[in-house]
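Hi everyone, thanks for coming. Let me put today's model up on the screen.

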Amino acid sequence: MLSDTDSSLKVTGIDFLKSQNTRKHHTDGYNIKNLVVRRGDSFQLQLSLNRELRPADKLSLRFAIGENPMKNRGSLLSLKPEREDFNGWKISLVKRDGKECLLSVTSSPSAPVGKYNLHVKTGTNIYQPENGVIYLLFNPWCEDDVVYMANEAQKKEYVLNDTGYIYVGSAYSIYDRPWNFGQFEDCILDACMYLLDKSKLSLTERRHPANVSRAMSALVNANDDNGVVLGSWSGNYIGGTSPMDWIGSVTILQKYYKTKKPVKYGQCWVFAGVLNTVMRCLGVPSRCVSTFDSAHDTDGNLTVDIYLNEKGEKLNMSFDSVWNFHVWNDVWMKRTDLPNGFDGWQAIDSTPQEQSQGRFQCGPCPVKGVREGDVYLPYDSKFVYAEVNADRVYWLVKKVNGKDKYFRIATETQDIGKKISTKAVGQSRREDITWEYKYPEGSKEERMSMERAYSFIRPSGLMPRSGYASTVRTLDGNTQPLVLNEPVTKTGLHIEIKNTEPLHPGNPLEIAITVKVSTPGNWTIDLTGSCQLQYYTGKVQANLGTTKETFNLEGPSEMQIPLKIAPDAYMKTLSSVEDEVLILVTAIAEVRETKDKLTKETSMRFQYPPITVQMPETAKLYNDFTCAFIFKNKLNVTLENCKLLVEGLGIFKMTTFDQGDIMPGRIMKSEIVCTPTRLGERKIVAKLISNQIKGISTEKAIIITE
């Protein structure tokens, strides 16, 4: 009979020391049985053996990643204690205590991210533990990782915060849409790992966040590769969820992971919200970025053409478009693949707009490169540059002898890419980051950046271009880069547009157009004003009314022209579309004596009554509390088919209350019993949607204590 001393060494168990390791690695939020750690930092494992470890014993830990792992491919790592490190990994024996031994493992700061299978080899015995899959993520806390971020408050915001805001509306009325990122919720990490596998990135490519973020920008949209979200801007969302009805990424990613089929439907803020979740989940610092008056320049010549008819109404006929807002993401990393000077924030975009290298993907494009006009840099920097810097050229379309003729009436050079916004670090407010993307409009640096960009683009002559206008050549072939400041007119013509009463659905829309002249003299002015409903993509949904006035101004002076739209002119359209629409007001003024022309457009949003949330300020872990949602319909219209959507990460799952129709003056109240399962500040998000209104949301925080 063999004595204990002769028997071969066997492992009888492994303790992954999950709570101490995950606290150290900032991964204790992940709702998963397995160990989740970040690369480049050490974690400990406690082995239980059948006998004491002796100097002659052979012991190695094997980490395998991917299908068919092999040593020579770097996908199988065999680590022996106290040996030289292997591929940047090392392992050491911390202490021996009888039949127990404590090991410390440090992964390489440039290791491929993903799922590693661990087994332990002792002599000829191999031990495969239960839950032996270890998840390895990017590490912004490690100085040698390319995603390293020095500032603690920023890491807390851009990696660990699971809630936030996405800024939408228009440059004239920005509002926040609360969004639950939920990167730590059930199945979300597994959904991200599934996307990594689906991306077919090689192990070498998985080492660098530039490759991973580009692949994720492709996979978050369903185009090309059956990715996560199917985009739709049709206004009809039968067979899916309207893009306005989501309040976070969790339901979307869980559903996708379960069905492996694209989830219907998304628009830009949904793509950005989901991509933000994926990048934070994988450990890359990430933020949602909104830009207002964002250009979609389809042919890369840095101008966007807008066509108006003689009533001043915008026509849906350009291939280019200006979106009231567009949302993408910035991810933080060193760009080891580029010349120096382009580290830091990189723009990535998963909204399917233009193909890049044959797929709907965009970025990472260095934000510093956008600011400097370095539009030759990979990836997609020309497209991102145009989104925030293009010029807007207005064309008047007139019928001359039965044919459309095009007259260039204005060039707006400081209009695109305004108020670039993201959520401030550690605060519930909007931070303006326009300065990171561009120098101040009109400054010397901005001119140089623009000229630099033009030198790489070489615009091909200014011609209107749309499906209808490609053959027209009625204009001078002026190929000079556009004059970039507001046209100085002989009369000092200036237009302002404002609403004189709050814009409540069901009330008349009361708007005033003010025309000013600053030069002395007697001027005759023709003013055309129009009011339309438009989607955030710039597409016009309905014409509501126009006004045409001719008046005399003795300069310097001003005149106010009212534009009033009755409720029945727009309420039907408002109820028939599934999207939130904006009110677009366009004005064209022409001075007869000097032929000075000026156009101005403003988009405004409707104003809605608020939702109130009633709940305690603090609650104890696992102790129930009640949360009430109250809404009073202060509008003159009945809100039909109301639904209240609520979600609180770590408090309760997504819940929908059907409220039916809410008459004017009626109060709705809904209650939910909450059981907090996680400590710290938690947020509850509520959203009310009806046929008439899509955009009422609110959120409230509660502190959960032990």
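Predicted model: local features only at pLDDT ≥ 70, side-chain atom pairs only at ≥ 80, totals over all residues.

Residues are numbered from 1 along each chain as its sequence is written, and side-chain values use heavy atoms, with hydrogens and water left out.

So, how many cavities of 30 Å³ or more does the search find? The whole structure gives 12. A cavity here is a set of points on a 1 Å grid over the protein atoms alone where a 1.4 Å probe fits but cannot get out; a pocket is an open set with protein on both sides within 12 Å along at least five of seven lines. Volume means the space filled by probe spheres set on the points, which are joined across faces, edges and corners.

The largest cavity holds about 90 Å³. Its lining residues (an atom within 4 Å of a point) include Arg177, Trp269, Glu580 and Arg605.

Now the largest pocket, at about 850 Å³. Its lining has 27 residues, with Lys156, Leu160, Leu679, Glu681 and Arg682 nearest the centre. Helix H2 (152-160) and strand S35 (680-689) each supply at least two of the lining residues; helices (H or I, at least four residues) and strands (E, at least two) are DSSP runs, numbered from the N terminus.

Finally, an open sheet of 3 strands runs S16-S20-S21 with mixed pairing, where pairing takes at least two DSSP bridges. Strands S16 (303-308) and S21 (403-412) are the edges. S20 (391-400) pairs antiparallel with S21 over 9 bridges, and Arg392 has Glu412 as its bridge partner in S21.
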